[in-house]
Amino acid sequence: MPAAPALTIASLLRDPRLQEACAQWLRGGRYDLVHLDPSDDPITTLEQRRESFDGVLLEQGVLDPTSYRHLHDRGVLLPAVVIGQVSGRTDYHDAEVHLPPDQLEQLSYSVDGAISRFLRRGLLGASSAAPGSRNPNTPDPWKLANRLKDRLGYLGVFYKRDPSRFLRNLPANERHELLGSLERTYRDLLVSYFRDPAVANQALESFVHTAFFSDLPITKTVEIHMNLMDGFWKQLKLEGHKNDFLQDYRLALLDVMAHLCEMYRRSIPPDEPLSGRLIGDPLSPITREVT
C-alpha cells in the first residue's frame, strides 16, 4: 500500500519553544510542517504559496486584524488551529479551532478537526450562495476543498478516521498524556460553561474533535466529567461553600454528547445506510473502554 501523502501545514509561530512542541506533536510523516517567519511578511508568503498549504497553525496575536482582513480580501482562507488562551474570540474565520499551549497533546486531532470544520462550513457556504453571486474579482479558493476531500478521503480523516491514532492504540505514555490533556480541556469547558459561553464553546469544540478523532469511549468522557465534578464538590465543601448547584453542570455533559453524536452522524458517508452500522463498528460512539 503506498504511503499516505502528507498534509502541508503552514506554521506562524513566534515562540521557538512552541515551534518545537508543535513539531513534536505533528511528527510521524502525516504532516509536513512549514515554518513561516512572522517577521518576514508571512501574508505575502501565504498568498503566493496558497496552493501549497492545506492548513495553518497560528500563534494567538501573531497577526493583527488588518492582516486577517487582507487574507479575507485576497480569498486566502485555510483550515486553522489558533494556539493560545481560549478567549471566545474569532481571529481568522469561524471554522478555526482553538487550542491552549498546555493542551498540545491534542494538536494533530485539532488539525483534523479544523479541516473537517472548514470543509463543512465551506460546503454549507457554497450551497447557500446564489449562482453568480461570487465576486468575479475574488480569486477562486484554488479548489482547496476538493483537494482536501480527495486527500482526506485517502488519508482517512473526513469520513474515516485513522485507527493508529485511536486512544486505545497509542503507546501507554501517549495515551496517558492525551487523557490528561483532554481533562484540562474539559475543565476549561466546565469553568466557563455558565460564565462565558463563547469560551466554553471553543473548549467544547476542541474536546469533541479530539474525542471523535481519537475514538474516546463515551464511558471515558463520562468518567472525566464525574472526576472533575467530584473534585469541585470536595473543594467547595472544604471551603464551606454550597455545592448543590453543581448538578446543573450535567448540561455540559449533555452538550458534549450532543456534539459528539453530530460528529458521528456526519462521519457516515451519504451512500451508506444507517441501518448497516453495528455497535462495535469503528465509527460507532459506543466503543470498548480504554484502561
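Q: What share of contacts in the protein chain, among residues at least 6 apart in sequence, join residues at least 24 apart?
A: The share is 73%, where contact means heavy atoms within 4.5 Å. The model is a predicted one, in which local features need pLDDT of at least 70 and side-chain atom pairs count only at pLDDT 80 or more, while totals for chains, interfaces and linings use all residues. Residues are numbered from 1 along each chain as its sequence is written, and side-chain values use heavy atoms, with hydrogens and water left out.

Q: How many helices and strands are there in the protein chain, and what pattern does it follow?
A: The protein chain has 9 helices and 5 strands; helices (H or I, at least four residues) and strands (E, at least two) are DSSP runs, numbered from the N terminus. Along the sequence the pattern reads β-α-β-α-β-α-β-β-α-α-α-α-α-α.

Q: What makes the 5 strands an open sheet, and which strands stand at the edges?
A: The order is β2-β1-β3-β4-β5, with parallel pairing; two strands pair if DSSP finds at least two bridges between them. At the edges stand β2 (31-35) and β5 (97-99), each with a single partner strand, so one side of each has no neighbour in the sheet. From one strand to the next, the twist averages 25 degrees.

Q: How do you know that β3 pairs with strand β1 and with strand β4?
A: Strand β1 (residues 7-12) and β3 are joined in the parallel sense by 4 bridges, and 4 bridges also join β3 to strand β4 (residues 80-83), again running parallel. Glu 59 stands opposite Ile 83 in β4.

Q: Why is strand β3 described as largely enclosed by the rest of the structure?
A: In β3 (residues 55-59), 5 of the 5 residues are buried, so the strand is largely enclosed by the rest of the structure. Buried means under 20% relative accessible area, exposed over 50%, and partly exposed in between (1.4 Å probe, protein chains only). Gly 55, Leu 57 and Glu 59 point one way, Val 56 and Leu 58 the other, and all are buried. In a regular strand the side chains alternate between the two faces of the sheet. In β4, Ala 80 and Val 82 point one way and Val 81 and Ile 83 the other, and all of these are buried. Of the 291 residues in the protein chain, 48% are buried.

Q: What is the phi of Asp 41 and of Asp 215?
A: Phi is near 50 degrees for Asp 41, a positive value in a residue other than glycine. For Asp 215 phi is positive at about 55 degrees, although this residue is not a glycine.

Q: Why are helices α7 and α9 called oblique to each other?
A: Helix α7 (residues 197-213) and helix α9 (residues 250-266) pack at an angle of about 50 degrees, with axes 10 Å apart. Axes are lines fitted to C-alpha atoms, for helices over the stretch in contact, and angles run from 0 to 180 degrees between N-to-C directions. Angles under 35 degrees count as roughly parallel, over 145 as roughly antiparallel, 65 to 115 as roughly perpendicular and the rest as oblique. The two helices are therefore oblique. Residues making the contact include Leu 204 and Phe 207 of α7 and His 259 and Met 263 of α9.

Q: What makes α6 roughly antiparallel to α7?
A: Helix α6 (residues 172-192) packs against α7 at about 155 degrees, with axes 8 Å apart. This angle makes α6 roughly antiparallel to α7. Among the residues that meet are Leu 182 and Tyr 186 in α6 and Ala 203 and Leu 204 in α7.
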